[in-house]
Amino acid sequence: MIWAEKTKAYEKDLIADLGRIMRIPSVLDPKTSNPQTPFGVDLVRALAEMEALAIHDGFRFGRVDNMVTWIEYGPADADETIGILGHIDVVPAGDGWQTPPYQLKIKDGQLYGRGAADMKADLMAAYYALKFMKEHGLGGQRKIRLIIGTDEENGWRDLPRYFAQEGEPTLGFSPDGAFPVINGEKAFQTVQLRFTSRSSGEYILQRFMAGDRINVVPGLARARILAPNFEEIARDFTQFLVKFPFLKGNCTLRGSTIRLELVGQQAHGAYPYEGKNAGTYLAAFLNRYNFNDDAQKFLNLLTEYHNDIAGEHLDLNYFDEEMGDLTVNVAIMRFNQNGQGNISLNFRYPKGIILPTVLKQVKAHLNGLEATITVKEGSMEPHLVPLEDPLVSVLSLAYASERGMYAAPRTSNGGSYARLLKRGVAFGGQFPDVPVTSHQVNEHIPVANMTRTMAIFVAALIGLEQL
């Protein structure tokens, strides 16, 4: 281990500075979005906080359209640039936290807070790697830029604007994945179904809501219905919760409307098997009753999707030897009586499948629901950097030198900004032996891994400078 002992001395300051940016609820906010604050005022506040650190530590920095901040170390006139591509936006906190989600808390050696795993802690570890190199006079062959986006959790509208103005780095990595090297990322495609929301008869679905981000497994679902027998539904719902003890919920009567709320397990949409989708569970419960019209087709379709993360009912179950399985996350579900409904499906799939195939299969399995099918902005095809690329070997060596063991590169379901680079891979900061808590309530990481990650980044940057 080359750098870990020296980076450990930075732990106290690193955690304090992480606390500064964790206090900012840097979630997309349409209410405060305008040309000056394109993704909301808190995202601009978060960029300003990083720039304040850069000023304090003597780094060059700049901002692009209040979407991206870059912080730079090394010769300004260097011909080649190493890019470290990260983001400071986070998904909404969700319910059920044991600690305040936007306050850094340390308990039993774990650091809690929204952004601990994805990815404020790793962003700060990368920043401190630059700080360490500057203070120790390391590097200097290439320019290193930490590029901080604010729209990664949504539409990826930020980094393309940066590239248009500042150009693409020669090569680089995103500390928004896992160790060891992630040299390939699956496609990221979101397919949206829009349809009318008619409901009539003995059982009426007035409203159904679950999910608000395409890359999150919904942890909460709500429905309002009209039905002839509240006591029967309340009894059935109680039995349903007994059958699935990992779910929580309640059934109440307000006037003539029955309201159901179900809490599952929120998780990252790239790994839907790690969550319990509250929306599809609630739809499966309601599907036992005699709804009609679009309501019946909506609930039936969601029941078909329920617990089918491999897309088998769509005839899309597919495995690639190098990149793994296709997965689908039923991310957003909406039904408003006599209005418009929406189901948004987020697919992650390996090379070997193309988007037209996905669309064809979704259209062929609508179960009678008359829906308009579109692909949402921000969709991306699979990304793969060959194992033979020196970028992969240098980063693999950096990880091995600091961890004392070699681990082979692999591919991932997740999507990072690395896929925007011709020579870009995801690298850190999730360690293989640590549970993934990204996008979950009570998101956390081990405190000790902060400076370990920083040390690996130092080794990686030194190695990349010598390529």
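A residue counts as buried when its relative accessible area is under 20%, as exposed when that area is over 50%, and as partly exposed in between. These terms are used below for a predicted model.

**The whole protein**

The protein has 467 residues, and 59% of them count as buried. Its secondary structure consists of eleven helices and 26 strands. For a chain of 467 residues, a compact globule would have a radius of gyration near 23 Å, and the protein agrees with this because its own value is 23 Å. The C-alpha trace spans about 75 × 45 × 45 Å along the principal axes of the protein.

Contacts between residues at least 6 apart in sequence can be sorted by their separation along the chain: 77% of them join residues at least 24 apart. The exposed surface comes to about 18400 Å², of which carbon and sulfur atoms supply 49%. As for charge, there are 54 negative and 47 positive side chains in the protein. The centres of these two sets lie 5 Å apart.

Helix 3 covers residues 41-57. Its 17 residues, at 1.5 Å a residue, should span 24 Å, and the distance of 25 Å between its end C-alpha atoms agrees with that. After helix 3 comes glycine 58, with a positive phi near 80°.

Is lysine 131 buried or exposed? Its relative accessible area is 10%, so lysine 131 is buried, since the cut-off for that term is under 20%. When neighbours within four places in sequence are left aside, lysine 131 is in contact with Asp57 and Phe59. The C-alpha atoms of alanine 54 and lysine 131 are separated by 9.2 Å, while the two residues are 77 apart along the chain.

**Backbone details**

Two cis peptide bonds can be described. One joins phenylalanine 179 and proline 180, with omega about -5°. Proline 180 sits in the loop between strand 8 (177-178) and strand 9 (181-185). Another cis bond runs from glycine 428 to glycine 429, and its omega is near -5°. Glycine 429 is part of strand 25, which covers residues 429-430.

| Residue | Phi |
|---|---|
| Asparagine 367 | about 50° |
| Histidine 439 | about 70° |

Asparagine 367 is in the loop between helix 9 (355-364) and strand 21 (372-375). With a relative accessibility of 37%, asparagine 367 counts as partly exposed. Histidine 439 is in the loop between strand 25 and strand 26 (444-446). Its relative accessibility is 1%, and histidine 439 therefore counts as buried.

Methods
Residues are numbered from 1 along each chain as its sequence is written. Side-chain values use heavy atoms; hydrogens and water are left out. Helices (H or I, at least four residues) and strands (E, at least two) are DSSP runs, numbered from the N terminus. The radius of gyration is taken over C-alpha atoms; the globule rule is 2.2 Å times the number of residues to the power 0.38. Buried means under 20% relative accessible area, exposed over 50%, partly exposed in between (1.4 Å probe, protein chains only). Contact means heavy atoms within 4.5 Å. Accessible areas come from the Shrake-Rupley method with a 1.4 Å probe; for residues, only the protein chains shown count as cover. Lys and Arg count as positive and Asp and Glu as negative; His and the chain ends are not counted. The place of a charge is taken as NZ of Lys, CZ of Arg, CG of Asp or CD of Glu. The expected span of a helix is 1.5 Å times one less than its number of residues.
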